[in-house]
Amino acid sequence: SRYFPLFIGYHIPTGRISWNVAMIDLEDLPTEGVAEYKNNRKTGLWISRFKDKPIQWVMANDISPEYFFGRGSLPSSITDRRILIMGIGAIGSMVAHTLVRGGCTEISLYDFDIKHPCNICRSEYDFICPTDEKMSNLAGQLQRISPYVNITLYKEHFDEYVKLASQQTSDIKEIIGKGFRDHFDLIIDCTTDDDVMYALEQLNLPIDVVNISISNHANELVCAFSPSIYEFVRGVYSHSIKNDPIDIFYPTGCWNPTFKASYNDIASKLQFALKKIIGMLAGTEYRQNFIIKEDSKGLHFETW
């Protein structure tokens, strides 16, 4: 490029640093070298000095965290957490976007699946490289949203590790639980995998675990908190909601049958649910498992 920015920072009375930016033209630099003379003879040294010419200033915006997230930041009790999102399909990808836009900076992702064109219409993916890995694609999006987010990817069949770990002795489970605590403060399970859900509960992890799933046609969204996830979720899907599997969708390229629902169907319920989940995790609302249902009168929030 012909131009490069020169950032000039200075302290202001608030204690912050304010920045101005000057664009430097590489083909017309603002400095020049002048030979040094003593007694009308060159000394062999050169002195650099600024040219007498206008400075090309450009606009600089303050993107410090308090300004970048100031109008939309989640509570610090959420943003300060190290969060693992397991399963980054329709639900998990929306959760990741919401948390990063709200100021969360430590996000880990796990999903073994490849992004297919059929995933794009109702998830947070784009069509660029339509068969990319879900994790790498989503990580790139999140890093383009926020300059402050650190993304960690777990690629080595992390779900199988969780299942295997849950079958170990209590002593080993305790060691594994400490490992989770050392890396994460919150796990959000969006895998809709019953075995993963059961295994996470069997590990008795000393951190918060949240399970989010949605029924066919997105008629209901189900959310449960540790340590009462597995029994609640299984009970809800078995006895309390209509999750008719007869017309479940088998799209080409997907690894598993999937539910029928639009982006709007999912996002409207999920964002409502996330508002409740964040309040419960932050301690501003009473923590309890819940279902969000929809009928002709709108959304209904039911606690259990």
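Glu124 is buried in this predicted model. Its relative accessible area is 17%, and buried means under 20%, so Glu124 falls on the buried side of the cut-off. The residue sits in the loop between helix 4 (117-120) and helix 5 (134-145).

What is Glu124 in contact with, leaving aside its neighbours within four places in sequence? The list is Ser93, Met94, His97, Gln141 and Tyr263. Ala96 is 28 residues from Glu124 along the chain. The C-alpha atoms of Glu124 and Ala96 are separated by 9.1 Å.

**Helix 3 and its partners**

Several of these names come back when we look at helix packing. Helix 3 covers residues 90-101. Helix 3 packs with helix 10 (residues 263-282), and helix 3 also packs with helix 5. The table sets out both pairs.

| Helix pair | Angle | Axis separation | Crossing |
|---|---|---|---|
| Helix 3 and helix 10 | about 50° | 10 Å | right-handed |
| Helix 3 and helix 5 | about 20° | 10 Å | right-handed |

Take helix 3 and helix 10 to begin with. Their angle is about 50°, and the two helices are therefore oblique to each other. From helix 3, the contact uses Ala90, Ile91, Met94, Val95 and Thr98. From helix 10, it uses Tyr263, Ile266, Ala267, Leu270, Gln271 and Leu274. Met94 and Tyr263 are also among the contacts of Glu124.

Now helix 3 and helix 5. Here the angle is about 20°. That makes helix 3 roughly parallel to helix 5. Helix 3 brings Ser93, Ala96, His97, Val100 and Arg101 to the contact. Helix 5 brings Leu138, Gln141, Leu142 and Ile145. Glu124 is in contact with Ser93, His97 and Gln141 as well.

Next come the strands. Strands of a sheet pair through backbone hydrogen bonds, either parallel or antiparallel. Eight strands form an open sheet in the order 8-7-6-9-10-11-12-13, and the pairing is mixed. Which strands are at the edges? They are strand 8 (150-154) and strand 13 (298-303), each of which pairs on one side only. On average, neighbouring strands of this sheet are turned by 15° against each other, direction ignored.

Start at the strand 8 end. Strand 7 (residues 106-110) and strand 8 run parallel and are joined by five bridges. In this pair, Ile107 stands opposite Ile151 of strand 8.

Move on to strand 9 (residues 186-189). Strand 6 (residues 82-86) runs parallel to strand 9, and four bridges join them. Ile85 stands opposite Ile188 in strand 9. Strand 9 is also joined to strand 10 (residues 208-214) by four bridges, again with the strands running parallel. Asp189 stands opposite Asn211 in strand 10.

Which way do the residues of strand 9 point? Leu186 and Ile188 point one way, and Ile187 and Asp189 point the other way. All of them are buried. In a regular strand the side chains alternate between the two faces of the sheet.

**Helices on the sheet**

Helix 6 (residues 158-165) lies across strand 6, strand 7 and strand 8. The helix runs at about 100° to strand 6. Helix 8 packs on the sheet too, touching strand 6, strand 9 and strand 10. The direction of helix 8 makes about 155° with that of strand 9. Helix 8 spans residues 194-202. Together, strand 9, helix 8 and strand 10 make a right-handed β-α-β unit.

Another open sheet has three strands, in the order 1-2-5, with antiparallel pairing. Strand 1 (3-11) and strand 5 (57-58) stand at the edges. Each has a single partner strand, so one side of each is left without a neighbour in the sheet. Strand 2 (residues 17-25) pairs with strand 5 in the antiparallel sense over two bridges. Val21 has Val58 in strand 5 as its bridge partner.

Strand 3 (residues 31-38) and strand 4 (residues 41-50) are also antiparallel, and they pair over seven bridges. Gly33 stands opposite Ser48 in strand 4. How many residues lie between the strands of this hairpin? There are two, and Asn39 takes a positive phi near 55° in the hairpin.

Methods. Residues are numbered from 1 along each chain as its sequence is written. This is a predicted model: local features need pLDDT of at least 70, side-chain atom pairs count only at pLDDT 80 or more; totals for chains, interfaces and linings use all residues. Side-chain values use heavy atoms; hydrogens and water are left out. Buried means under 20% relative accessible area, exposed over 50%, partly exposed in between (1.4 Å probe, protein chains only). Contact means heavy atoms within 4.5 Å. Two strands pair if DSSP finds at least two bridges between them. A crossover is right-handed if, with the strands pointing away from the viewer, the path from the first strand over the helix to the second runs clockwise. Axes are lines fitted to C-alpha atoms, for helices over the stretch in contact, and angles run from 0 to 180 degrees between N-to-C directions. Angles under 35 degrees count as roughly parallel, over 145 as roughly antiparallel, 65 to 115 as roughly perpendicular and the rest as oblique. A crossing is left-handed if the near helix is turned anticlockwise from the far one by less than a right angle, and right-handed if clockwise.
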